[in-house]
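User: Hi! Could you walk me through this model? I'll ask as I go.
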Amino acid sequence: MALKRLLKPPIASRQRRQRKSTDGAEQMAGKRGVKHGVAAAPQRKAPVTDTSIAASPAAEVATPETLAPEETAVVAVAGSAMVALPADCRMSTQGGLMAELLRALDEHAIVLDGQAVERIDTAALQLLALFRREVNTRGGTVSWRGPSVALHEAANLLGLATLLELPAIAPV
Amino acid sequence: MAKILAVDDSVSMRGMVAFTLRGAGHEVAEAENGQLALDLAQTGTFDLVLADVNMPVMDGITMVRAMRAMPAYKGVPILMLTTESHTEKKLEGKAAGATGWLVKPFDPDQLLATVKRVLG
């Protein structure tokens with residue numbers, strides 16, 4: 001319960017998200033709406049542009065390539081979930097990150113996709129550290145998919161690379 | 001379990017500190033700057049204060065100084081939790097009466113271990 005309170009975006013963040021939506025930035029509101037729609041009607045076939053979430057294993061799901069750069073996405077597949085971190089992964093600009101991680105928290109195996117991350121701040125790294133700890137406490141696992149150089153550098157600089165268990169960057 | 005006052009102007013950071021501490025069974029009150037923390041400290045007692053350094057209205061070091069002037073808080077541990085890692089700031093905090101220093105982002109287990117240690 002306490003975690004849900006924490007991870008619920010603060011009012012200011014929610015307002016920012018609403019403002020962002022009304023600004024038309026990446027059609028966040030529309031995509032989130034679809035997400036709820038999928039949950040309510042699992043048989044609905046999502047169009048190609050629905051990149052936020054898929055509630056059933058065989059549904060059309062998001063791929064990092066199809067995501068808008070500023071969007072965090074959760075793809076849930078039978079007990080597992082992938083959270084794609086956005087290019088701008090700063091808490092000051094990504095109030096929705098908490099909510100997206102919360103959505104994934106009930107799954108047993110979670111993949112954090114850090115391929116797209118270009119910027120990340122202390123608070124977001126702190127959130128990821130806390131998220132990882134909470135998942136482990138619940139008996140789940142968190143693994144990484146391609147953490148970017150920027151993510152690696154920030155985590156190393158702030159001494160969280162080990163705690164986050166970031167894998168080595170694959171040689172180019 | 002202890003009564004802890006978490007002071008930080010960042011809602012998310014304050015929430016994460018509070019979440020970590022509550023998860024360990026502590027009772028946590030929150031304040032978004034040094035002045036509000038002093039107001040809370042005057043109306044109640046806390047076993048530990050965890051404070052950020054850079055905050056609007058009243059920064060953490062000024063808050064520590066003011067808190068140490070309050071008889072009830074002369075011996076209460078005050079930990080500074082901040083992104084500041086400069087030696088000068090640490091010395092300033094120590095001179096103001098801070099018990100210790102933790103750098104953000106924090107390792108949740110390390111935070112709890114430090115809290116346990118200073119609470120004795």
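This is a predicted model: local features need pLDDT of at least 70, side-chain atom pairs count only at pLDDT 80 or more; totals for chains, interfaces and linings use all residues.

User: How many helices and strands does chain B have?
Analyst: Chain B has five helices and five strands; helices (H or I, at least four residues) and strands (E, at least two) are DSSP runs, numbered from the N terminus. Along the sequence, the pattern of chain B reads β-α-β-α-β-α-β-α-β-α.

User: Let's look at helix 5 of chain B. Which residues are buried there?
Analyst: In helix 5 of chain B, the buried ones are P108(B), L111(B), T114(B) and V115(B). Seen down the helix axis, they fall within an arc of 125°, so they line one face of helix 5 of chain B. That arc is taken over the directions from the helix axis to the C-beta atoms.

User: And which are exposed on the other side?
Analyst: There, Q110(B), A113(B), K116(B) and R117(B) are exposed. Just after helix 5 of chain B, G120(B) takes a positive phi of about 70°.

User: What do the buried residues of that helix pack against?
Analyst: They pack against helix 5 (122-137) of chain A, and within chain B against helix 1 (11-23), strand 3 (48-51), strand 4 (78-82) and strand 5 (100-103).

User: Switching to the chain A side, how many residues of chain B are in contact with chain A?
Analyst: 16 residues of chain B are in contact with 16 residues of chain A, where contact means C-beta atoms, placed from the backbone, within 7 Å. Helix 1 of chain B gives the largest share of the side that touches chain A, nine residues.

User: Last one: is V7(B) buried or exposed?
Analyst: V7(B) counts as buried because it has 31 C-beta neighbours inside 10 Å. V7(B) sits in strand 1 (residues 3-7) of chain B. Leaving aside neighbours within four places in sequence, V7(B) is in contact with several residues, including A31(B), V49(B), L50(B) and M63(B).

Key: Residues are numbered from 1 along each chain as its sequence is written. Chains are lettered from A and ligands numbered from 1 in the order in which they are written. A residue is buried if 20 or more other C-beta atoms lie within 10 Å of its own, exposed if 12 or fewer, and partly exposed in between; C-beta atoms are placed from the backbone. Two residues are in contact if their C-beta atoms, placed from the backbone, lie within 7 Å.
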